[in-house]
Amino acid sequence: MKTVFLSALFFIATAMSAQEATKKAATTKDTIKEKITRLEEVTVTIKKKFIKVDSDKTTVSVKDNAMLNSGSSLEAVKKLPGVITSPTGSITLNGKGVAIYIDGAPSTLSGTDLQNYLNSLPANAIEKVELIYNPGAAYDANASGSIINIVTSSKRMKGINASFNINYNFNKYQKPSPQILLNGKEKNLSWQTMLGYNYIDSETRTTNSQTFTAFNPVKVLNQENFGVNTNRNLYFRGGTNYKLTKMSNLLFNYNGTFSNDRSVFEATTIGDNIDYYNKGITKNKNNNHEVSLQYKMKLDTIGTTFDVTAFGNQFDRKPITASSATENISNTNSFNNGNIDFKLDNYYLKYDFNFPFEKHKFSFSTGGKFNGLQVKDNGSYFLNSALPKDISFDYKENNLAFYAEARKKIKKFSFTAGLRYENFQVERITNTLTDKIKFQNNNFFPNLSAIYEVNDNVNVSASYSKKINQPNYNNLDPNNSSSFDQYNTSQGNLFLNPTFLDNYEFKISAFQFVQVGMNYTASKDNNLFVYSADANATTPVSNQTFQQFEHFNTFSAYANFPIPLDYFLKGKEEFKKRMSDMDKMNYIFFNINYIKSDIKGYVFPYSNKAIWNYAAQAQFILPWEIKNSITYYILPSGNWQIYKVTKPIQEFDISFNRDFMNKKLKIGLHCFDVFNSNEINALIAGQNLETNFRQKNDSRTFRISLTYNFGNLKLQKENTDIQTEKKQGGGGLVK
C-alpha cells in the first residue's frame, strides 16, 4: 500500500559534501574545479530518489523500485503513500476521492473497466507516479479532490535499446506475462514501443447475510457467490517525439489494449422457504484505443511556452457469448446470462500558455479545453426464460472550460491563485424511463494556496480548492452487471446529481521526506454505494445501487516519516558511507492515516467510529547483495464513510531481488499476502436493509520476475512526455 525512500539521506549527503568542499577549498583553480565536480556528482546521486515530497505533490519512482515494479499498475498504485483501497474497491488518497490520470490525461474509464485497464498496464512500464493532493485551476475540476498521475517511461537513448521482462505468477493458477520494450533516438526523432501480454486468473468469494427490516417479522437471506474471472489482454504502447525546430516539438502517442475476458459464477440464496441456486457465465471482448498529438513551442528563452493537445479515446466491450438461452450454462434450478454491449468515445482539444516573469518572481498561465464524451450500453439478460430482458443506456456529456492561474513569490512566501470556468451539458436516456434526463450547469472553481519556507528544509503550506464530481457511467448505468436473479438486482442510479466539494488542506513538509498534514472536505450530494430494498415488495429482493447523501464531510490527518536503520545498527560512520547509494541502505518508512466521516441527516445504526490506517515498508540489504523488501499494512475496525469495517483488513508482502551482469539482469522472488489475510468484512446499512458483507479474493500470490536490458544503460533523459494537463497546477513555488 505504500512505497518508500529516504530523501533525507540524500539531503544530508548534499549538506555534508558541501561542508567538506568548503573546508578543503584551496585558492587554486584546479582545486576549485575539483570541488565543483564533486558537488555535481552528489547532484546526480540525488536524482536516484525513490520518493520526493513537495508542498503540492509527492512523486514516487516506480521503475527502479523492486517492491513496486514487478506487478501491474493497479498493484503499484495501491502501495503508494496515503493510498487506501476502500471496502467498496474505490481508491482514495489521504481520505479523499481521486481521479486517475495516465501520462497527464484524465482516464474516462471507471469501475471494473478502469481496474482492468490498470491491471493490463505493467508497473515496470511506469517511470513515476505523481500524487497531487489539491490540484489547481489548470486541472479538470472534475477531480474530487486529488489526482494520481501515472507517468509511463519516456527515456530515449541513442541507437536502439531493448528491455525484456517476464513475470510468472502462480498460486492455484500458473500464468506468465511477458513484455518487451524498444526505444531509440536518431537525429531529431526519438521513439519508444512496448508490447506485452497478460493472462490472469482470479477467484472471488462473496458472502452476504441480509436482514430485510420492512417485513414483519423481519426476513433474513444468506447469500454466497463464487466467481472465477479470466482476463487475457495484449497491449501495445508507442510514442514518438520529432524536433521540428530548436524551439518546437511534435509528439505522438498511441496506446492500445485488446482483451478477452470471461467470468463464471455460482450463487446460492438460503432463507425461510427459499433454497435457490444460480449459475451464469459472461464473455466479453474489450478494445481500448488512445491517441494523442501535441505541439509544443517555446516562445522565448525565458520559459514562455504554448502547447496544443488533441486527444481521443475509444473503448468498447462486446459480448462474445451466444444470444440464445440454449447455449448458456444451465442447471437444475435456473440459469443466468448477461450480454452487455458497451461503447465509450471520449475526445478533447486543449491549449495552454505559460508566461514566467522571473525578474518579478511571478508567473501566469492560462488555457482552455473542450471535451466530448458519449457512452452507449445495451444489455440483454436471460432470467429463467428464453426471452431476454433488454435495457439500453445512452449518455452524452460536453464540457467547455477555461482557466487562469497566477503565482507570486514574496520573500519566504509563495502564493497561488486560480480560477476555472466549466460548462457541463449532460443528457441521459434509457428505455426504462419515458423521458430523458437533461441538465446544464455553469460553475466557477477557485483555488488558493500559500507556502511559507521556514528554512531551506522545512515549509508550511495551506490550500483551498472547489471541485465537482460528475457521476460516472458506472454509477448511472442501469446495466451495471449481470448479477440479476429473483433475489438480487444491480443497477446504477440515473437520478444522481453532481457532487460539489470544498477541500481545505494544511501541511508541513521537511527534508523532502517527512509530511504531517490534515485536510477537511465538505461535499454536497455525495454518491455512495449501498444495498437497499423496496419496502412494498412481497418478496425479499436486494438491490445494489448508488444513493445520494445531501451533506457529507470528511476530516483526515496523516503522517509519513522514515527510520534510517543503518544509523542505529551500523553506526554513524557506516551510515555516512551508505548515504550516497540508497540501494545499500536499510530503512523503514511509515505512513499513518486517521479518517473521520460525518453525514448530515443520516442516522448510523451503529456508532460512528473513526478509522485508522497503518502501513510500513522496509528494505534490508542481505548477504550476496540480495535486497529484501517488506510491506505491511492494516486497516483496523472502524467506520469508512457509511460502511462499518468489522474486521481488520491487512496484508503482508515480501520480496527478494538481486542484480546480475552489471545490473543488466534483474531477478526477483515475491510473495504477496503471505498469510492470506486480506479480506473485507463490513456492515452496510441501506434503506430497509442491513447487510453483513464479506469478500475474499485469492490474494496470496507467488511471483518470479526477470528483466534483461540490452544496449546502452546510460540513459539520456529527454522531455518526451505529452503533458495533456499542466503539471504546475497545484500551487508550486516560483523559482
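**A tour in questions**

Visitor: What kind of model are we looking at?
Guide: Residues are numbered from 1 along each chain as its sequence is written, and side-chain values use heavy atoms, leaving out hydrogens and water. Local features need pLDDT of at least 70, side-chain atom pairs count only at pLDDT 80 or more, and totals for chains, interfaces and linings use all residues, because the model is predicted.

Visitor: How many aromatic pairs are there?
Guide: Rings of Phe, Tyr and Trp (its six-membered ring) pair if their centres lie within 6.5 Å; planes under 30 degrees apart count as stacked, over 60 as edge-to-face and the rest as tilted. By this rule, the number of aromatic pairs is 24.

Visitor: Which type of pair do Tyr276 and Tyr487 make?
Guide: Their ring centres are 5.5 Å apart. The planes meet at 70°, so the pair is edge-to-face.

Visitor: How many residues apart are these two tyrosines?
Guide: Helices (H or I, at least four residues) and strands (E, at least two) are DSSP runs, numbered from the N terminus. Tyr276 belongs to strand E14 (residues 274-298), while Tyr487 is in the loop between helix H5 (473-476) and strand E22 (488-490). The pair thus links distant parts of the chain, with a separation of 211 residues.

Visitor: And what is the relative accessible area of Tyr487?
Guide: Tyr487 is buried. Its relative accessible area is 16%.

Visitor: Which residue of E21 is the bridge partner of Ile451?
Guide: E20 also pairs with E21 (residues 458-469), in the antiparallel sense over seven bridges. In E21, the partner of Ile451 is Ser461.

Visitor: Which ring lies under the charged end of Lys369?
Guide: A charge sits over a ring if NZ of Lys or CZ of Arg is within 6 Å of the ring centre and within 35 degrees of the ring normal. The charged end of Lys369 is 4.0 Å from the centre of its ring, which belongs to Tyr348.

Technical notes:
Pairing = 2+ DSSP bridges. Buried < 20%, exposed > 50% of the residue type's maximum accessible area, 1.4 Å probe, protein only.
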